[in-house]
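Here is a short briefing to read alongside the model. Have the sequence and the structure open as you go.

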Amino acid sequence: MEICPFVRLLDWRTLKAADCLTAGQSREVDRFAIEELGISSLVLMENAARSVCDWFSQHVQTSSGEETSFVVRVVCGRGNNGGDGFAIARLLWTMGYAVEIFATHPEAELSPDARVNAALARKLGIPWRELREFGEAAASAQAEDWIVDALLGTGQSRPLSGELAELVQVMNASASRRLAVDLPTGFSADAGPGLENPLTDEPHDLAGLCVRADVTITFVTPKIGMLHSVAREYLGETFVASIGLPEKLLREAVSLQ
Ligand SMILES: NC(=O)C1=CN([C@@H]2O[C@H](COP(=O)(O)OP(=O)(O)OC[C@H]3O[C@@H](n4cnc5c(N)ncnc54)[C@H](O)[C@@H]3O)[C@@H](O)[C@H]2O)[C@H](O)CC1
Ligand SMILES: [K+]
(Lines give C-alpha, C1' and ligand atoms only; values in the text may rest on other atoms or scores of the structure.)
(Ligands and ions follow the chains in the order given, each with its own letter.)
Protein backbone atom coordinates (compact mmCIF):
# COMPACT_ATOMS: atom_id res chain seq x y z
CA MET A 1 0.00 0.00 0.00
CA GLU A 2 1.30 3.42 -0.92
CA ILE A 3 1.66 5.99 1.80
CA CYS A 4 -0.46 9.16 2.06
CA PRO A 5 2.16 11.67 3.20
CA PHE A 6 -0.39 14.05 4.70
CA VAL A 7 -2.63 11.47 6.39
CA ARG A 8 -1.77 9.19 9.33
CA LEU A 9 -3.74 6.44 11.01
CA LEU A 10 -4.74 7.36 14.56
CA ASP A 11 -3.17 5.05 17.13
CA TRP A 12 -5.90 4.59 19.77
CA ARG A 13 -3.58 2.74 22.15
CA THR A 14 -1.42 5.80 22.71
CA LEU A 15 -4.05 8.54 22.33
CA LYS A 16 -4.20 10.94 25.28
CA ALA A 17 -5.86 14.27 26.06
CA ALA A 18 -2.65 16.20 25.41
CA ASP A 19 -2.76 15.02 21.78
CA CYS A 20 -6.24 16.42 21.24
CA LEU A 21 -7.80 19.80 20.44
CA THR A 22 -11.09 21.20 21.68
CA ALA A 23 -13.45 22.94 19.26
CA GLY A 24 -12.21 26.29 20.61
CA GLN A 25 -8.59 25.31 20.02
CA SER A 26 -9.45 24.18 16.48
CA ARG A 27 -10.88 27.64 15.83
CA GLU A 28 -7.72 29.17 17.32
CA VAL A 29 -5.59 27.04 14.96
CA ASP A 30 -7.61 28.40 12.05
CA ARG A 31 -7.29 31.97 13.30
CA PHE A 32 -3.55 31.63 13.89
CA ALA A 33 -2.94 30.15 10.45
CA ILE A 34 -5.02 32.78 8.68
CA GLU A 35 -4.23 35.92 10.70
CA GLU A 36 -0.72 35.30 12.04
CA LEU A 37 0.74 33.17 9.25
CA GLY A 38 -1.20 34.85 6.49
CA ILE A 39 -2.35 31.68 4.75
CA SER A 40 -5.71 32.07 3.09
CA SER A 41 -8.65 30.18 4.56
CA LEU A 42 -9.44 28.84 1.09
CA VAL A 43 -5.96 27.33 0.90
CA LEU A 44 -6.53 25.63 4.27
CA MET A 45 -9.82 24.27 2.97
CA GLU A 46 -8.19 23.06 -0.23
CA ASN A 47 -5.40 21.37 1.74
CA ALA A 48 -7.92 19.68 4.02
CA ALA A 49 -9.88 18.45 1.00
CA ARG A 50 -6.71 17.28 -0.76
CA SER A 51 -5.77 15.20 2.27
CA VAL A 52 -9.16 13.49 2.25
CA CYS A 53 -8.91 12.78 -1.49
CA ASP A 54 -5.36 11.57 -1.06
CA TRP A 55 -6.65 9.02 1.46
CA PHE A 56 -9.59 8.12 -0.77
CA SER A 57 -7.53 7.49 -3.89
CA GLN A 58 -5.18 5.21 -2.00
CA HIS A 59 -7.71 3.23 0.02
CA VAL A 60 -10.62 2.96 -2.37
CA GLN A 61 -10.57 1.35 -5.80
CA THR A 62 -9.27 3.94 -8.27
CA SER A 63 -10.96 4.64 -11.54
CA SER A 64 -7.87 4.10 -13.77
CA GLY A 65 -9.55 6.31 -16.33
CA GLU A 66 -12.53 3.97 -16.61
CA GLU A 67 -15.99 4.51 -15.28
CA THR A 68 -16.19 3.62 -11.60
CA SER A 69 -18.71 1.03 -10.49
CA PHE A 70 -19.68 3.05 -7.42
CA VAL A 71 -21.01 6.50 -6.60
CA VAL A 72 -19.66 8.96 -4.03
CA ARG A 73 -22.49 11.10 -2.61
CA VAL A 74 -21.13 14.19 -0.89
CA VAL A 75 -23.59 15.78 1.52
CA CYS A 76 -22.64 19.38 2.32
CA GLY A 77 -23.80 21.65 5.14
CA ARG A 78 -23.75 25.43 5.22
CA GLY A 79 -20.45 26.02 7.06
CA ASN A 80 -16.80 25.31 6.34
CA ASN A 81 -17.28 21.59 6.87
CA GLY A 82 -19.68 21.79 3.93
CA GLY A 83 -17.05 23.85 2.10
CA ASP A 84 -14.59 21.00 2.55
CA GLY A 85 -17.29 18.76 1.06
CA PHE A 86 -17.70 20.87 -2.10
CA ALA A 87 -13.91 20.90 -2.55
CA ILE A 88 -13.70 17.13 -1.95
CA ALA A 89 -16.46 16.56 -4.52
CA ARG A 90 -14.55 18.65 -7.07
CA LEU A 91 -11.25 16.87 -6.45
CA LEU A 92 -12.76 13.37 -6.55
CA TRP A 93 -14.69 14.26 -9.71
CA THR A 94 -11.46 15.60 -11.25
CA MET A 95 -9.85 12.25 -10.42
CA GLY A 96 -12.57 10.43 -12.33
CA TYR A 97 -14.87 9.23 -9.57
CA ALA A 98 -18.64 9.32 -10.07
CA VAL A 99 -19.69 12.06 -7.67
CA GLU A 100 -23.04 13.58 -6.68
CA ILE A 101 -23.39 16.68 -4.51
CA PHE A 102 -26.32 17.20 -2.14
CA ALA A 103 -26.46 20.53 -0.28
CA THR A 104 -28.64 21.49 2.68
CA HIS A 105 -28.66 25.21 1.89
CA PRO A 106 -28.81 27.46 -1.18
CA GLU A 107 -25.50 29.06 -2.15
CA ALA A 108 -26.44 32.48 -0.76
CA GLU A 109 -26.74 30.98 2.74
CA LEU A 110 -23.34 29.26 2.78
CA SER A 111 -20.24 30.46 4.63
CA PRO A 112 -18.02 32.57 2.33
CA ASP A 113 -15.50 29.80 1.63
CA ALA A 114 -18.19 27.16 1.18
CA ARG A 115 -19.86 29.50 -1.31
CA VAL A 116 -16.67 29.79 -3.38
CA ASN A 117 -16.32 26.01 -3.58
CA ALA A 118 -20.01 25.48 -4.25
CA ALA A 119 -19.92 28.00 -7.10
CA LEU A 120 -16.83 26.31 -8.54
CA ALA A 121 -18.54 22.92 -8.44
CA ARG A 122 -21.56 24.41 -10.23
CA LYS A 123 -19.39 26.05 -12.91
CA LEU A 124 -17.60 22.77 -13.56
CA GLY A 125 -20.92 20.97 -14.00
CA ILE A 126 -20.36 18.44 -11.24
CA PRO A 127 -23.59 16.44 -10.79
CA TRP A 128 -25.66 18.24 -8.16
CA ARG A 129 -28.92 16.74 -6.98
CA GLU A 130 -31.82 18.04 -4.94
CA LEU A 131 -31.58 17.26 -1.24
CA ARG A 132 -35.07 15.73 -1.33
CA GLU A 133 -33.68 13.03 -3.67
CA PHE A 134 -31.06 11.97 -1.14
CA GLY A 135 -33.35 9.64 0.81
CA GLU A 136 -34.09 7.48 -2.21
CA ALA A 137 -30.48 7.59 -3.44
CA ALA A 138 -29.17 6.50 -0.04
CA ALA A 139 -31.80 3.80 0.36
CA SER A 140 -31.06 2.24 -3.04
CA ALA A 141 -27.27 2.62 -2.70
CA GLN A 142 -24.91 -0.33 -3.08
CA ALA A 143 -22.43 -1.43 -0.42
CA GLU A 144 -19.54 -0.15 -2.61
CA ASP A 145 -21.02 3.35 -2.75
CA TRP A 146 -19.82 6.06 -0.39
CA ILE A 147 -21.50 8.86 1.48
CA VAL A 148 -19.17 11.71 2.40
CA ASP A 149 -20.54 13.41 5.52
CA ALA A 150 -19.64 17.10 5.22
CA LEU A 151 -22.68 18.40 7.09
CA LEU A 152 -21.14 19.60 10.35
CA GLY A 153 -17.64 19.59 11.84
CA THR A 154 -16.11 21.48 14.73
CA GLY A 155 -18.82 24.15 14.50
CA GLN A 156 -21.50 21.88 15.94
CA SER A 157 -22.61 22.88 19.37
CA ARG A 158 -26.08 21.48 19.90
CA PRO A 159 -27.93 18.22 19.34
CA LEU A 160 -29.28 17.50 15.88
CA SER A 161 -32.87 18.29 15.10
CA GLY A 162 -35.25 18.65 12.16
CA GLU A 163 -33.96 18.07 8.64
CA LEU A 164 -30.38 17.42 9.77
CA ALA A 165 -31.50 14.75 12.22
CA GLU A 166 -33.52 13.08 9.44
CA LEU A 167 -30.55 13.23 7.08
CA VAL A 168 -28.31 11.54 9.62
CA GLN A 169 -30.86 8.79 10.14
CA VAL A 170 -31.06 8.26 6.36
CA MET A 171 -27.25 8.16 6.12
CA ASN A 172 -26.99 5.61 8.90
CA ALA A 173 -29.67 3.39 7.33
CA SER A 174 -27.89 3.34 3.95
CA ALA A 175 -25.86 0.36 2.77
CA SER A 176 -23.18 2.83 1.61
CA ARG A 177 -19.91 3.22 3.39
CA ARG A 178 -19.68 6.52 5.26
CA LEU A 179 -16.68 8.83 5.38
CA ALA A 180 -16.87 11.67 7.94
CA VAL A 181 -15.02 14.89 7.15
CA ASP A 182 -13.26 16.13 10.32
CA LEU A 183 -16.00 14.71 12.59
CA PRO A 184 -19.15 12.66 12.07
CA THR A 185 -22.21 14.93 12.11
CA GLY A 186 -23.69 14.72 15.62
CA PHE A 187 -20.25 14.19 17.15
CA SER A 188 -19.19 17.13 19.28
CA ALA A 189 -15.47 17.94 19.16
CA ASP A 190 -15.65 18.56 22.90
CA ALA A 191 -18.24 16.11 24.19
CA GLY A 192 -18.22 13.17 21.78
CA PRO A 193 -21.05 11.40 20.02
CA GLY A 194 -24.55 12.89 20.08
CA LEU A 195 -24.49 13.90 23.72
CA GLU A 196 -26.66 16.42 25.47
CA ASN A 197 -25.94 19.98 24.51
CA PRO A 198 -22.43 20.44 25.92
CA LEU A 199 -23.15 24.12 26.40
CA THR A 200 -26.28 23.77 28.50
CA ASP A 201 -26.36 20.11 29.57
CA GLU A 202 -30.01 20.04 28.59
CA PRO A 203 -31.20 16.51 27.92
CA HIS A 204 -32.50 16.03 24.39
CA ASP A 205 -34.56 13.29 22.84
CA LEU A 206 -32.13 13.09 19.94
CA ALA A 207 -29.12 12.71 22.22
CA GLY A 208 -27.11 9.85 20.81
CA LEU A 209 -27.96 10.66 17.20
CA CYS A 210 -24.74 10.78 15.25
CA VAL A 211 -23.44 9.61 11.89
CA ARG A 212 -21.88 6.18 12.29
CA ALA A 213 -18.84 6.55 10.09
CA ASP A 214 -16.76 3.74 8.63
CA VAL A 215 -13.91 6.19 8.26
CA THR A 216 -13.27 9.58 9.86
CA ILE A 217 -10.55 11.89 8.59
CA THR A 218 -9.98 14.60 11.17
CA PHE A 219 -7.84 17.69 10.58
CA VAL A 220 -4.64 18.74 12.35
CA THR A 221 -5.03 16.64 15.54
CA PRO A 222 -7.63 14.35 17.13
CA LYS A 223 -10.42 16.14 19.03
CA ILE A 224 -10.96 15.79 22.77
CA GLY A 225 -14.44 14.24 22.33
CA MET A 226 -12.71 11.28 20.64
CA LEU A 227 -11.60 10.13 24.09
CA HIS A 228 -15.21 9.36 24.99
CA SER A 229 -15.65 5.65 25.76
CA VAL A 230 -18.05 4.99 22.86
CA ALA A 231 -16.44 7.40 20.37
CA ARG A 232 -14.88 4.70 18.22
CA GLU A 233 -18.26 3.17 17.46
CA TYR A 234 -19.12 6.39 15.63
CA LEU A 235 -15.75 7.36 14.19
CA GLY A 236 -14.80 4.04 12.59
CA GLU A 237 -11.25 3.82 11.30
CA THR A 238 -9.79 7.21 12.15
CA PHE A 239 -7.10 9.18 10.36
CA VAL A 240 -5.48 12.54 11.12
CA ALA A 241 -4.85 14.76 8.11
CA SER A 242 -2.58 17.72 7.62
CA ILE A 243 -3.93 21.06 6.40
CA GLY A 244 -0.51 21.91 5.02
CA LEU A 245 1.12 23.41 8.11
CA PRO A 246 3.40 21.74 10.67
CA GLU A 247 1.34 20.17 13.46
CA LYS A 248 3.98 21.12 16.05
CA LEU A 249 3.73 24.80 15.14
CA LEU A 250 -0.07 24.74 15.28
CA ARG A 251 0.02 22.99 18.67
CA GLU A 252 2.38 25.64 20.00
CA ALA A 253 0.02 28.32 18.72
CA VAL A 254 -2.75 27.01 20.97
CA SER A 255 -0.32 26.42 23.85
CA LEU A 256 -0.59 22.67 23.90
CA GLN A 257 3.10 21.94 24.13
N1 LIG B 1 -8.11 24.12 11.06
C2 LIG B 1 -9.00 23.29 10.65
O3 LIG B 1 -9.19 22.30 11.33
C4 LIG B 1 -9.77 23.57 9.43
C5 LIG B 1 -11.12 23.27 9.39
N6 LIG B 1 -11.90 23.39 8.31
C7 LIG B 1 -13.24 22.85 8.33
O8 LIG B 1 -14.12 23.78 8.92
C9 LIG B 1 -14.96 23.11 9.84
C10 LIG B 1 -15.55 24.07 10.83
O11 LIG B 1 -16.32 24.97 10.09
P12 LIG B 1 -17.41 25.93 10.76
O13 LIG B 1 -17.98 26.75 9.65
O14 LIG B 1 -16.79 26.63 11.88
O15 LIG B 1 -18.48 24.94 11.36
P16 LIG B 1 -19.38 23.77 10.80
O17 LIG B 1 -19.25 23.66 9.32
O18 LIG B 1 -19.12 22.56 11.60
O19 LIG B 1 -20.86 24.26 11.19
C20 LIG B 1 -21.44 25.34 10.53
C21 LIG B 1 -22.79 25.82 10.98
O22 LIG B 1 -23.62 24.86 11.57
C23 LIG B 1 -24.30 25.46 12.67
N24 LIG B 1 -24.67 24.39 13.62
C25 LIG B 1 -23.99 23.98 14.69
N26 LIG B 1 -24.59 22.95 15.31
C27 LIG B 1 -25.72 22.71 14.57
C28 LIG B 1 -26.78 21.76 14.69
N29 LIG B 1 -26.80 20.85 15.66
N30 LIG B 1 -27.76 21.80 13.79
C31 LIG B 1 -27.75 22.69 12.77
N32 LIG B 1 -26.78 23.62 12.59
C33 LIG B 1 -25.78 23.62 13.49
C34 LIG B 1 -23.36 26.46 13.20
O35 LIG B 1 -24.05 27.48 13.88
C36 LIG B 1 -22.65 26.95 11.97
O37 LIG B 1 -23.35 28.02 11.37
C38 LIG B 1 -14.07 22.04 10.41
O39 LIG B 1 -14.79 20.99 11.02
C40 LIG B 1 -13.36 21.57 9.15
O41 LIG B 1 -14.15 20.64 8.44
C42 LIG B 1 -11.32 24.09 7.14
O43 LIG B 1 -11.92 23.84 5.96
C44 LIG B 1 -9.83 23.80 7.02
C45 LIG B 1 -9.09 24.16 8.23
K1 LIG C 1 -18.77 15.99 9.04
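Asp 149 is buried, because 31 other C-beta atoms lie within 10 Å; the term buried applies from 20 or more other C-beta atoms within 10 Å of a residue's own, exposed to 12 or fewer, and partly exposed in between, with C-beta atoms placed from the backbone. This is a predicted model, in which local features need pLDDT of at least 70, side-chain atom pairs count only at pLDDT 80 or more, and totals for chains, interfaces and linings use all residues. Residues are numbered from 1 along each chain as its sequence is written, while chains are lettered from A and ligands numbered from 1 in the order in which they are written.

**Annotated positions**

- Asp 149 sits in strand β5 (residues 146–150); strands (E, at least two residues) and helices (H or I, at least four) are DSSP runs, numbered from the N terminus.
- Leaving aside neighbours within four places in sequence, the contacts of Asp 149 include Val 75, Met 171, Arg 178 and Thr 185; a contact has the two C-beta atoms, placed from the backbone, within 7 Å.
- Asn 81 belongs to helix α3 and counts as buried, because it has 27 C-beta neighbours inside 10 Å.
- Beyond four places in sequence, Asn 81 is in contact with residues including Ala 150, Leu 151, Gly 153 and Asp 182.
- The UniProt annotation "binding site", from an unreviewed entry, covers Asn 81, Asp 149 and Thr 185. Their largest C-alpha distance is 9.8 Å, so they cluster in space although spread over 105 residues of sequence.

**Around ligand 1**

- Gly 79, Asn 80, Asn 81, Gly 153 and Gly 155 come nearest among the 29 residues around ligand 1; a residue counts as near when its C-beta atom, placed from the backbone, lies within 6 Å.
- Helices α1 (23–36), α2 (41–59) and α3 (80–94) each supply at least two residues of this shell, and α3 gives the largest share, five residues.
- By class, the shell holds 11 nonpolar, 13 polar and five charged residues; Gly is counted among the polar ones.

**The whole chain**

- The protein chain has eight helices and 10 strands.
- Buried residues make up 45% of the 257 in the chain.
- Of the contacts with a separation of 6 or more, 80% join residues 24 or more positions apart.

Definitions and conventions:
UniProt positions renumbered as here; feature names shortened; annotations may be inferred.
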